[in-house]
Amino acid sequence: MLRIYTYAEEHKRPDLRSIILEHCGGDSMVVHGEEYILYSLPISVCSRDGEVVGFCIFKEYERYIEIVALNALKPRKGIGCMLINEVRRYAESQGKFQIRLTTTNENLAAIAFYEKMGFTLYAVDKDAVTRARLLKPSIPLVSERGIPIKDELHFYFSWGNW
């Protein structure tokens with residue numbers, strides 16, 4: 001049985017740090033030209049029998065939640081959907097009615113997933129990843145499929161009182 005937990009404080013499971021390092025390419029991520037220290041942000045974790053099978057790291061703003069990293073360690077099992085729904089429940093509990101997120105131009109599976117989940121593309125920031133490499137030089141130049149990684153795609157999903 002899958003379970004979801006949200007850790008909004010600094011007292012997180014100790015194994016999360018190594019999972020974040022492994023699946024996010026380091027302990028930080030650059031989005032919108034800002035570097036986020038991932039372990040310092042709230043995280044929703046999906047686990048099965050105590051094993052982490054997915055996580056969603058997010059940041060709270062005054063009117064919305066921004067997903068900074070979403071990773072289903074076992075794809076196509078409903079984990080990503082469960083995590084987004086958990087973040088939505090968390091957002092509603094905080095009086096927020098919009099979720100935003102950013103992915104990169106080569107992440108075709110994520111783009112399709114977000115659109116399937118009802119997110120709307122609202123902006124493309126050309127060469128944002130190229131600029132982000134000034135802050136984090138370890139960002140790859142091309143994907144595993146050989147697609148150049150250069151642009152950020154911004155999505156949102158709103159409901160209720162937005």
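A nonpolar core is a set of buried Ala, Val, Leu, Ile, Met, Phe, Trp, Tyr and Cys residues joined through side-chain atoms within 4.5 Å. Buried means under 20% relative accessible area, exposed over 50%, and partly exposed in between (1.4 Å probe, protein chains only). The model is predicted: local features need pLDDT of at least 70, side-chain atom pairs count only at pLDDT 80 or more, and totals for chains, interfaces and linings use all residues. Residues are numbered from 1 along each chain as its sequence is written, and side-chain values use heavy atoms, with hydrogens and water left out.

**View 1. The largest nonpolar core.** This core has 24 residues. Ile 67, Val 87 and Phe 119 have the most contacts inside it. Two or more residues come from each of strands S5 (51–60), S6 (65–72), S7 (98–104) and S9 (152–158), and from helices H2 (79–93) and H3 (108–116). H2 gives the most, with 6 residues. Helices (H or I, at least four residues) and strands (E, at least two) are DSSP runs, numbered from the N terminus.

**View 2. Surroundings of Ile 67.** Neighbours within four places in sequence are left aside. Ile 67 is then in contact (heavy atoms within 4.5 Å) with Cys 56, Ile 57, Phe 58, Ile 84, Val 87, Ile 99, Arg 100, Leu 101 and Thr 102.

View 3. An α-helix has 3.6 residues a turn, so residues three or four places apart point the same way. Gly 118 follows H3, with a positive phi near 100°.

**View 4. Strand S5 and its partners.** In S5, 7 of the 10 residues are buried, so the strand is largely enclosed by the rest of the structure. Strands pair if DSSP finds at least two bridges between them. S4 (residues 43–48) runs antiparallel to S5, joined by 6 bridges. Arg 48 has Glu 51 in S5 as its bridge partner. The S4–S5 hairpin has 2 residues between its strands, and Asp 49 in the turn has a positive phi of about 50°. S5 and S6 are also antiparallel, with 7 bridges. Cys 56 stands opposite Leu 70 in S6. The S5–S6 hairpin has 4 residues between its strands.
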